[in-house]
Amino acid sequence: MSRLFAATPDMALGLADHARGPGGPAASPDARPPSADIDIRTAEPSDRATVRAIIVDAFEGREAVIGRPPEPLSLDVADAIATRTVLIASIGGEPGGVLVAHAEGDGVIDVEVVAVAKAFSGRGVGQAMMRRIERHARRSGARMLTLYTTARVPRNHEFYRQLGFREARRSGMSTFERIHFEKTLIGRVQKAPVEGLYGRRRVHGHKVDAAYDSLALDLARPADLAALFGDRPVRLEVGFGGGEHLLHHARTTPGIGLIGVEPFETGMMRTAAAIQAEGLANVRLYMGDARQVLDWLPDASLDRVDVLYPDPWHKQRHWKRRFISADGLDRLARTVRSGGVVRFASDIPHYVDWTRAHVATHPEFTLEADLAEPWQDWPGTRYEAKAYREGRVPRYLTLVRR
C-alpha cells in the first residue's frame with residue numbers, strides 16, 4: 001500500500017455539493033442542502049484521534065445492519081496516516097469526514113473508507129472527498145478507482161453510481177454480500193474550450209432554400225424565445241442527423257418548442273423540407289456548431305437538451321473536440337434550468353465512460369440514470385439501428401441540472 005500524494009494541507013475546495021451522502025463503506029445519510037464550504041486536507045499523525053472519532057461516529061449502529069462489526073472500525077489509524085492517503089474534510093473548521101485510499105499497483109487506486117460523522121450528513125462532504133481523491137488519482141496517472149460496500153445499504157449504491165462508478169462484481173454470501181464498484185479514469189478531464197466543426201460540415205450541392213430560411217435562427221440578433229415559441233418550454237437537440245428524433249417530438253409534443261442543430265447539409269435540408277411540408281410550427285433550426293447556439297441562448301432557458309449519438313472522435317488527439325467536455329457541460333449548465341435534463345446516447349463505450357467521468361466531476365450535473373434501454377418517448381434513430389446491426393449496445397444517460 002502506498003500514498004498518492006504528500007501529506008501536506010490542501011487548499012479549500014469551496015464546494016456546495018448536493019450529495020446524497022458519503023456512501024462507500026461508511027454510513028450514507030439523507031440528502032440536505034449544503035450549508036457551508038468544505039475544506040479538505042491530508043491527515044497528519046496528530047490527527048489520529050480525530051480520524052478514529054469520525055469513523056466510530058459514522059459507523060455507529062451499522063453492525064445491526066450487516067450482522068458484524070464494520071471493517072473500518074478495525075483500521076490501524078496510525079499506520080494508515082503513515083502509509084496511505086488519509087483525507088479529513090471540515091466545515092467551519094470542524095472535522096466531519098474521513099477518506100482512506102491507497103495505490104494498489106497497475107494504475108488502480110482503492111478507496112478503503114469513506115466516513116462522514118452524523119452531524120455532517122447530507123452536506124456534500126462525501127462527494128467532496130470523492131472528487132478530491134479522483135482528482136489526485138488522475139494527476140498520479142491512475143487508470144481506475146475501485147471500492148466496495150455492503151449490499152445491504154442501497155443508498156450507498158446510488159451514491160456511487162451518481163459519481164460515475166459501475167458495479168464490477170459481487171462477493172460474499174447472504175448478509176455479508178459486498179458490491180465491488182469501479183470507475184475508469186479517461187485521462188484528464190477536458191477543460192479547454194474547443195470551438196468549430198473541424199471540417200465536419202459536409203456540403204453536397206444542395207441549395208439552401210426557403211424551407212430552411214424560414215426556420216433558421218438568426219444568431220446575429222438577441223435571443224427572443226418568446227417570439228419564436230410563445231410560452232412553450234424549449235428543448236435543444238444537438239446534431240439531429242436524419243431528423244427522426246426531432247420530427248417525432250415536433251409531431252407528438254406541439255406544446256414544446258424545439259431547436260434542432262445539425263452541421264451536415266443533407267440532414268438539415270431534408271428535415272427542413274419535412275417540417276415545412278407538415279406545417280410544424282414549433283421547430284427552429286440552425287446549421288452549424290451547437291456551441292454557438294448555446295452561447296446565444298439566455299440563462300436557464302432550456303427545459304431539456306438531447307445529445308444523441310454525437311461524433312465520438314475516436315483518436316485520442318481529437319478527444320478535445322468532443323461535445324461533452326468540462327467546457328461543454330459549463331455551457332449546458334448555464335442554459336439548462338435547474339431541474340432540467342440533458343439526455344446523452346452513444347454506442348461507443350469509451351465515449352460513454354468519458355461522459356460518466358466528466359459528469360462525475362462537474363458541480364452542476366448529477367447522473368440520474370445510466371441504462372441500456374432507451375427513454376420511454378424514444379422513436380429510434382438510424383444511428384441506433386446501425387449500432388444494433390453492427391453488434392454494439394448503446395447506453396442512454398440522463399443528466400439532471402442541479
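The following is a dialogue about how terms are applied to this predicted model.

Visitor: What does the protein chain contain in helices and strands?
Guide: The protein chain has 13 helices and 14 strands. Of its 402 residues, 54% count as buried.

Visitor: Which strands form the open sheet, and in what order?
Guide: The open sheet has 7 strands, in the order E10-E9-E8-E11-E12-E14-E13, and the pairing is mixed.

Visitor: What makes E10 and E13 the edge strands?
Guide: Strand E10 (283-286) and strand E13 (365-371) each pair on one side only. Averaged over this sheet and with direction ignored, neighbouring strands are turned by 15 degrees against each other.

Visitor: How do you know that E9 and E10 are paired?
Guide: Pairing requires at least two bridges. Strand E9 (residues 257-261) and E10 share 4 bridges, in the parallel sense, so they count as paired. Within this pair, Gly 260 has Leu 285 of E10 as its bridge partner.

Visitor: What packs on the sheet at E9 and E10?
Guide: Helix H9 (residues 265-278) does, touching E9 and E10, and its direction makes about 160 degrees with that of E10.

Visitor: Why is strand E8 described as largely enclosed?
Guide: The cut-off for buried is under 20% relative accessible area. In strand E8 (residues 234-238), 5 of the 5 residues are buried, so the strand is largely enclosed by the rest of the structure.

Visitor: Which way do the residues of E8 point?
Guide: Val 234, Leu 236 and Val 238 point one way, Arg 235 and Glu 237 the other way, and all are buried. In a regular strand the side chains alternate between the two faces of the sheet.

Visitor: How many bridges does E8 form with E9, and how many with E11?
Guide: E8 pairs with E9 in the parallel sense over 5 bridges, and with strand E11 (residues 302-308), again in the parallel sense, over 4 bridges. Leu 236 has a bridge partner in each: Ile 259 in E9 and Val 305 in E11.

Visitor: Which residues touch the most other members of the largest nonpolar core?
Guide: Leu 236, Ile 259, Val 305 and Phe 323 do, in a core of 35 residues. Another core, of 30 residues, lies apart from it, and includes Ile 40, Ile 91, Val 114 and Leu 147.

Visitor: What does Ile 259 touch?
Guide: Leaving out residues up to four places away in sequence, the contacts of Ile 259 include Leu 217, Leu 225, Phe 229, Val 293 and Leu 297.

Visitor: Why is the contact between Arg 251 and Glu 278 called a salt bridge?
Guide: The rule asks for a side-chain nitrogen of Lys or Arg within 4 Å of a carboxyl oxygen of Asp or Glu. For Arg 251 and Glu 278 the N to O distance is 2.7 Å, so the pair qualifies. Arg 251 is in helix H8 and Glu 278 in helix H9, 27 residues apart. By this rule the count comes to 28 salt bridges.

Visitor: What makes Asp 299 and Arg 334 a link between parts of the chain?
Guide: Their closest N and O atoms are 2.5 Å apart, in a salt bridge. Asp 299 lies in the loop between helix H10 (290-296) and E11, and Arg 334 in helix H11 (residues 326-335), so the pair ties together parts 35 residues apart in sequence. Asp 299, at 55%, is exposed, while Arg 334, at 30%, is partly exposed.

Visitor: Where do Arg 395 and Asp 370 lie?
Guide: Arg 395 lies in strand E14 (residues 395-401) and Asp 370 in strand E13. Their side chains meet in a salt bridge at 2.9 Å, N to O.

Visitor: Why is His 157 called buried?
Guide: Its relative accessibility is 8%, and the cut-off is under 20%, so His 157 counts as buried. His 157 is found in helix H5 (residues 154-162). Beyond its neighbours within four places in sequence, His 157 is in contact with Thr 149, Thr 150, Ala 151, Ile 179 and Phe 181.

Technical notes:
Residues numbered from 1 in each chain as written. Predicted model: local features only at pLDDT ≥ 70, side-chain atom pairs only at ≥ 80, totals over all residues. Heavy atoms only, no water. Helix = DSSP H or I, 4+ residues; strand = E, 2+ residues; numbered from the N terminus. Axes fitted to C-alpha atoms, helices over the stretch in contact; angles between N-to-C directions. Contact = heavy atoms within 4.5 Å. Buried < 20%, exposed > 50% of the residue type's maximum accessible area, 1.4 Å probe, protein only. Core = buried A, V, L, I, M, F, W, Y, C linked by side-chain atoms within 4.5 Å.
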